[in-house]
Amino acid sequence: MNNIAIYLRISVLEKGNLGHTEDTINSQRNIIKNFIFNDQELKKANIEEYIDEGYSGSTTSRPGLDKLLLKVKQGKINCIIVKDMSRFMRNYIEMGDYLENIFPFMGIRFIAINDGYDSSNEVQNGTELDIQFKNLLNDYYSRDISEKMTTALLVAKKQGKYTSGAPPYGYLKDPEDNYKLIVDEKVAENVRYIFQLLLEGHSLNETAKTLNSEGVMTARARRKEIKGYDAYANRWESTVEDTIWSHSMVRRIANNEAYTGTFVFNKSRKSKLDGGKVTYHPKEEWIRVYDNHEALISKETFDEANNIIKSRKRNKMFKWGERKYKNSPLATYVRCNKCGYKIRFGISSNGKEIVSINLYCYHCRMLEQEEKLPHNKELEKEVFKILKDKFHTDKTEKKKLLDEQKELYDRNDQLLKKKRIEFENYKFGKISREDFMETKNQIQESEEENKERIGAIDEELKQAGSIDSLTKEIVEKYIDKIYISGKGIERIEYQ
Ligand SMILES: [Zn+2]
């Protein structure tokens, strides 16, 4: 890469709207230069600027563009960078011709930063359709038939064509049809995990912290990985927080209906005419396409998570998380025997107090393999009985164990004495070496056996205690995991 052309354009219209022409040309330049500076290869190249001021993108003959295209014909340019596709050209057919025929033929790399387009990343016919569609829109904008454009866009979107820029975290554009969303298997589980944490009663902040502590890949990091470069690095909105999870990022995911398979559009419109100003539409104007793509979570999960977030906002005194764990000592120990995931303790509440606690496996629910699990009260009763049978030790039992242990220590002392005597007998020639070795081995075997039993009693004594009720402390002391199924307790792993 040796010669890069930067193309900057500002139209009369924009000049009128913004007041300062310089600002927009400057901001375009800054964005492009930042982009170049962050790219190891690009930053080594020569940079030439081509500027058209007061020209609209639909004017095909522009002095700056003409000069640039002449250089292209002469083979003096290797790479063209613009902020947006529409800066370069708004005419769909012509732009398509450049992107699909002229530039590839001349070996020119074309980058439109905000469109996330880089011809060097495009596999043959990769995002061709997408670009064409964008250009089609630019075409419409340019002719200022905004009504028609809106209609065309809405029709496309109603048909389930994903026409927004980047797909939400957890999804990818289908390589075979760029209008379609497919599940990004690499991070889809993270989206489910976020909803799981929220349903478990973690706040947005706690959820973000958990994600960070577990090194869960952020949306931005994933975008970077897919694209091969950081598409956001040059945007003024981007902050260092984009590289870690924050509560607002978690909220954005929790609020995104796309995860239920629903495609919501017409939420906002980005004006192509006054510097990309975004206008938000009232909720009544949102349009939904259900079952547009594969859902990552159920509608119920989505609603539950959002209700939790909302209820916390409404009344900060109502702490779901605390109540949840306070109300069952087993809450964090129970796992699904089928899939191994933590069992949820869903609370039904009348707003003041807990009415009931229902156990369910979120994971199995997601896979539509949910079993009806035992009720919390039954489970607590059963666990209590098991722990009592297994670990409850009263005073007389404890004394018995201590007595047994004392006796074993005494026996080992005697064995040691016997070993010394046998050794002297051998030393003074009273018994043969073979006889001595045999006796010595027997003694050592008994010693080992006794030591083992002493150790086992130690363990038993350590665990011994009176179990009179199932408290959080008792559960914590004895239990690591309890696996349950529809049939009840399947297996308990102890501490
Ligand atoms: Zn399960």
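Tutor: Rings of Phe, Tyr and Trp (its six-membered ring) pair if their centres lie within 6.5 Å; planes under 30 degrees apart count as stacked, over 60 as edge-to-face and the rest as tilted. By that rule, ring pairs link Tyr171, Phe195, Tyr259 and Phe302 into a cluster. This is a predicted model, in which local features need pLDDT of at least 70 and side-chain atom pairs count only at pLDDT 80 or more, while totals for chains, interfaces and linings use all residues. Residues are numbered from 1 along each chain as its sequence is written, and side-chain values use heavy atoms, leaving out hydrogens and water.

Student: What makes Phe88 and Phe110 an edge-to-face pair?
Tutor: Their centres are 5.2 Å apart and their planes stand at 70°, so the pair is edge-to-face.

Student: Why is the pair of Tyr426 and Phe436 called stacked?
Tutor: The centres are 5.1 Å apart and the angle between the planes is 5°; planes under 30 degrees apart count as stacked.

Student: How do you know whether Phe436 is buried or exposed?
Tutor: Buried means under 20% relative accessible area, exposed over 50%, partly exposed in between (1.4 Å probe, protein chains only). Phe436 has 7%, so Phe436 is buried. Tyr426 has 28%, so Tyr426 is partly exposed.

Student: What makes Arg491 a charge over the ring of Tyr483?
Tutor: The rule asks for NZ of Lys or CZ of Arg within 6 Å of the ring centre and within 35 degrees of the ring normal. The charged end of Arg491 is 4.0 Å from the centre of the Tyr483 ring and sits over that ring. Lys43 likewise lies over the face of Phe37, at 5.1 Å from the ring centre.
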